[in-house]
Amino acid sequence: MIVTGTFGASPYRIRDLQLFRDIDDPAVAQALADCRIVRLPQGEALEDGLRARLYILLAGSLAVEGALGEGNVERILPGESVGEQSVLDDAANLDAIVALEDSALLVIEPDRVWQLIDGHNGVARNLLRLLSFRIRATNARLRRRQKLGEFYRQLSFNDGLTGLYNRAWLNDALPKLVARARQDSGPLSLVMIDLDHFKRFNDTHGHIAGDTALCAAAGVIRAGLRPTDFAVRYGGEEMMAILPATPQAQAVTVAERLCVRMREAVVFDDMRLALPHVTGSFGVATLLPGQDERGLIEAADAALYRAKEAGRDRIGT
C-alpha cells in the first residue's frame with residue numbers, strides 16, 4: 001500500500017462517493033482535503049494492522065471476503081466503501097480485502113469519520129443507507145445458505161440409487177413417528193421387505209442388473225403407498241414401508257398388495273434378456289404398548305424371517 005497524495009490535491013470528486021451523495025457542503029470537502037490516497041497494486045491485500053479505518057474506493061476494484069471465511073466474496077467498485085462497521089464499533093476490520101486490479105483508495109481516519117457524522121446529517125443518513133443495504137444483502141445470503149443447507153440436509157436423507165429415504169432419515173424420523181403414535185393413541189405399522197435370493201441374482205446377472213432390479217423394486221414400493229406413508233431403503237436389498245395410523249390388519253393388506261405387484265413388475269424393459277422377475281419377502285409388525293422404535297424394527301424383522309422360513313415371496317406376521 002503506497003501513499004500517492006491527498007484527496008484535496010486529487011482529481012476525484014466528492015459527489016462520486018456514495019457516502020457523500022447529494023452533499024454539497026464546502027465543510028465536507030475541507031474535512032476530506034488532507035485525507036490520504038493510497039495505491040493498492042493488483043493482487044495485493046490491504047493490510048493495516050489492527051486500526052479501524054474507513055476506505056473508499058476511488059479507482060479499480062476490490063474483493064472482500066468476510067472474516068468467517070465462508071466463501072462469500074463481495075466485489076467493491078469505485079465510490080463504494082469498506083470498514084464502516086469497524087469505525088462505528090471501534091474494532092479492527094478482519095475481512096480479507098484484496099485488489100482485483102490496481103486500485104486507489106481514500107483513507108479516512110476514525111475521528112474524521114465521526115467528525116463528518118456529527119457535523120453533517122447527510123453523511124449520517126447516507127451511512128445508515130449503506131449499512132441498511134449491507135444488512136439486507138447479508139440477510140439474503142443467510143436465507144440462501146439456509147435454503148441450501150436444508151436442500152443438502154434433505155439430500156443426505158435419500159438413498160442415492162433408489163431415491164427412497166435412507167437409514168439416516170430412519171434414525172431421525174422413526175422415533176418421532178413412534179412418539180406421535182403414542183401421543184395420538186393411534187396405530188403405527190412397519191413392513192420390512194427383503195428381495196428374495198438377491199445375492200444369487202447379483203452373482204448371476206451382475207451388479208448393474210442388480211441395481212436396476214433394486215430401483216424397480218423401490219418404484220413398486222413407492223407407488224404402492226399412500227402420500228402419508230414412507231418408503232425406506234434399510235440397507236442392501238432390504239427396504240421398509242412405514243405406515244402411520246395403520247393397524248395390523250390394514251398393514252398386512254398393504255404388504256400383500258406390494259408382494260403381488262413386486263411379483264408382476266417388469267424389471268427390465270428389454271424382455272429379450274433372459275432375466276427373472278424379482279420377488280420379495282415381507283414382515284409386518286405394529287407398535288405395541290411400551291415398545292420403542294428398535295423393538296418395532298426387531299418385530300418386523302422377526303416376521304420377515306418367518307416369511308423366508310415359510311418359502312419366501314409371502315407375508316410374515
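Trainee: What does Tyr165 count as, by relative accessibility?

Mentor: Buried means under 20% relative accessible area, exposed over 50%, partly exposed in between (1.4 Å probe, protein chains only). Tyr165, at 24%, counts as partly exposed. This is a predicted model, where local features need pLDDT of at least 70, side-chain atom pairs count only at pLDDT 80 or more, and totals for chains, interfaces and linings use all residues. Residues are numbered from 1 along each chain as its sequence is written, and side-chain values use heavy atoms, leaving out hydrogens and water.

Trainee: How many aromatic pairs does the structure hold?

Mentor: Rings of Phe, Tyr and Trp (its six-membered ring) pair with centres within 6.5 Å; planes under 30 degrees apart are stacked, over 60 edge-to-face, the rest tilted. There are four pairs here. One of them, Tyr165 with Phe230, is tilted: 6.3 Å centre to centre, 55° between planes.

Trainee: Which parts does that pair tie together?

Mentor: Helices (H or I, at least four residues) and strands (E, at least two) are DSSP runs, numbered from the N terminus. Tyr165 is in the loop between helices H4 and H5, and Phe230 in strand E10, so the pair links parts 65 residues apart in sequence. Trp169 and Phe230 are also tilted, at 5.2 Å and 40°. Trp169 is buried, at 8%. Tyr165, Trp169 and Phe230 form one aromatic cluster.

Trainee: Where does E10 stand in the sheet?

Mentor: Two strands pair if DSSP finds at least two bridges between them. The open, mixed sheet runs E10-E11-E9-E12-E13. E10 and E13 stand at the edges with a single partner each, so one side of each lacks a neighbour in the sheet.
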